[in-house]
Amino acid sequence: MQLDELLSELQVRLEAVLGTRDRVHALLNAVVSVGSDLDLETVLRRIVRAATTLVDATYGALGAVGEHKTLVQFVPVGLTEEEIARIEHWPHGLGLLGLLIKEPQPLRLAHIRDHPESYGFPPGHPPMGAFLGVPIRVREEVFGNLYLTEKRGGGEFDAEDEAIVTALAAAAGVAIENARLYADSRRRERWLQASSDVTTSLLSGAEPGQVLTLIARRAREMVSADVVAVLLPDDSRRILQVMIAEGLACGEVVRAQAPVADSLAGRAFTKGEPLMVADPAEAGVPIAIADYAALGPVAAVPIGAAGSVRGVLSLGKRSGRLPFSQAELRMLHAFAGQAAIALELAESRMDAERLGLLEDRDRIAKDLHDVVIQRLFAVAMTLMSTVRTVERPEASSRLQMSIDELDAIIRQIRSTIFALQISSEDGEKGLRAQIVGLVEGARGHLGFMPGLTMEGRLDIMVPDQVAEQALAVLREALSNVVRHARAAKVEVVVEVDEDRLILTVLDDGVGASEGGRRSGLRNLQGRAERLGGSFTVESRPGGGTCLMWSVPLA
């Protein structure tokens with residue numbers, strides 16, 4: 001019997017040795033698995049799964065500790081999607097979990113509810129009994145804690161379980177540090193590449209809107225954000241409007257606005273410093289992009305230094321992901337500052353190019369006025385003096401036609417000179433450009449391009465009120481030609497002399513109808529009379545209609 005007892009004891013000890021060997025092998029495999037990846041979020045999830053496997057825990061989690069000694073990330077394992085959906089909120093780092101944050105030492109409990117620091121579980125949380133908590137240190141810093149509950153079989157966690165998880169936590173600290181260093185090096189690489197891309201794009205002449213899109217895309221890539229938006233101030237600088245959005249729900253985010261006085265983006269815009277919140281629900285201020293996408297951590301980074309902020313980069317991650325670190329915020333701020341400087345340099349270059357263009361336009365206008373027009377005028381004067389010496393009527397008539405043509409050319413060149421003296425930006429909004437747009441718009445309805453002659457300083461001398469009425473008259477006149485004239489040729493002449501604007505529309509159609517409806521023509525006449533001008537519509541001798549609308553400029 002003694003031999004049987006000895007053999008039984010030997011078998012128990014052999015099983016214990018084999019079990020220890022198996023657990024050591026499992027621990028080594030877990031260490032290898034944890035250290036085989038360099039993506040931080042993947043590493044964290046592998047750590048939790050390895051810990052639950054090593055000690056036969058049903059549930060496990062890793063809580064990352066933030067700068068204010070609260071949980072900024074919670075990585076659970078063992079819960080189904082339905083169980084996660086039923087939980088009202090993740091732990092905030094209070095109660096028993098808060099104790100581990102304040103006192104980062106291993107903690108084993110037979111029942112969680114028996115500890116005086118236990119606050120219970122949030123609504124929807126599954127019941128849990130046995131508990132094992134172990135801190136994870138990265139060098140001398142506490143990165144977070146491993147939480148393991150509900151040992152399979154209903155038992156308690158023992159000292160051996162604590163020792164194995166403590167060893168795993170030490171290896172996890174090394175893996176987390178390696179993942180952090182790798183992430184830092186990748187961020188620096190992406191930062192340098194992004195800065196190079198933005199600078200190259202600006203120097204190659206890209207539009208500011210394209211560059212802002214590139215800045216947003218590169219910023220999102222640098223910190224692996226799920227959504228990014230560029231907010232720019234309106235004219236009053238009281239509202240920040242999302243101009244560019246990429247990523248999660250970007251179609252809705254692009255409609256967002258943020259008040260400068262009371263929003264996360266507004267505070268970043270005013271202070272010129274990057275800001276971050278781990279949970280939009282607890283931010284205390286509105287967050288524009290969080291209204292359209294379910295987000296967790298959100299950062300707002302000013303584009304430019306304090307006092308000269310051009311806009312704000314707003315970035316967000318999905319709920320449950322790691323918040324933006326201070327290193328990431330500093331990197332984004334530096335990148336956005338460099339981008340702002342590059343934008344200013346690009347705008348200065350564009351201003352210099354625009355100034356050079358205006359100087360060239362002014363030089364061409366002076367050359368046309370001082371050289372070309374004067375020589376044409378001299379030729380016309382010579383021909384006029386020659387007409388009197390020509391005896392044959394046919395030759396005299398031809399000379400007179402040439403003189404008239406030279407006069408028309410001179411008027412056209414003068415009109416071109418006036419156009420050159422207006423900057424391109426003003427020209428896009430001025431009367432001259434709007435007249436061209438109306439005439440070109442009539443081409444599709446007429447089937448041919450109407451002729452257009454403009455003389456005088458239309459963009460300078462014509463008041464806004466007169467210009468608005470003239471455009472309405474031209475629109476109505478061209479519409480009448482399209483609907484009624486059946487013309488094959490249309491000429492539009494707009495002239496400005498010292499005190500009047502004269503608009504003439506000529507066509508070779510069926511001519512003015514005496515008995516037709518004249519409500520549209522009465523409207524044109526009323527516009528002229530309200531401005532103290534005149535309006536006439538006459539049939540042309542060779543067929544067609546001549547419409548003339550004339551009003552004073554004052």
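Start by selecting S396, which touches V387 and V390, leaving aside residues up to four places away in sequence; contact here means heavy atoms within 4.5 Å. This is a predicted model, in which local features need pLDDT of at least 70 and side-chain atom pairs count only at pLDDT 80 or more, while totals for chains, interfaces and linings use all residues. Residues are numbered from 1 along each chain as its sequence is written, and side-chain values use heavy atoms, with hydrogens and water left out.

S396 is found in helix α10 (residues 393-420). Helices (H or I, at least four residues) and strands (E, at least two) are DSSP runs, numbered from the N terminus. S396 counts as buried because its relative accessibility is 19%; buried means under 20% relative accessible area, exposed over 50%, and partly exposed in between (1.4 Å probe, protein chains only).

**Next, select 295-303.** This is strand β10, and 9 of its 9 residues are buried. Strand β9 (residues 275-277) pairs with β10 in the antiparallel sense over 3 bridges; pairing requires that DSSP finds at least two bridges between two strands. Look for M276 opposite A299 in β10. Strand β11 (residues 311-318) also runs antiparallel to β10, joined by 7 bridges, and there P302 stands opposite V312.

**Now move to the sheet.** Five strands form an open sheet with mixed pairing, in the order β12-β13-β14-β16-β15. β12 (451-455) and β15 (534-539) stand at the edges with a single partner strand each, so one side of each has no neighbour in the sheet. Inside the sheet, color β13 (residues 490-496) and β14 (residues 500-507): they run antiparallel, joined by 7 bridges. V496 has L501 in β14 as its bridge partner.

α12 lies across β12 and β13, running at about 170° to β12. α14 packs on the sheet too, touching β13, β14 and β16 (545-552), and its direction makes about 10° with that of β14. Axes are lines fitted to C-alpha atoms, for helices over the stretch in contact, and angles run from 0 to 180 degrees between N-to-C directions.

**Finally, show 431-446 and 464-485 together.** How do the axes of α12 and α14 cross? They come within 10 Å and cross at roughly 15°, so the two helices are roughly parallel, a term for angles under 35 degrees. Residues making the contact include L438 and V439 of α12, and L474 and R475 of α14.

Technical notes:
Angles under 35 degrees count as roughly parallel, over 145 as roughly antiparallel, 65 to 115 as roughly perpendicular and the rest as oblique.
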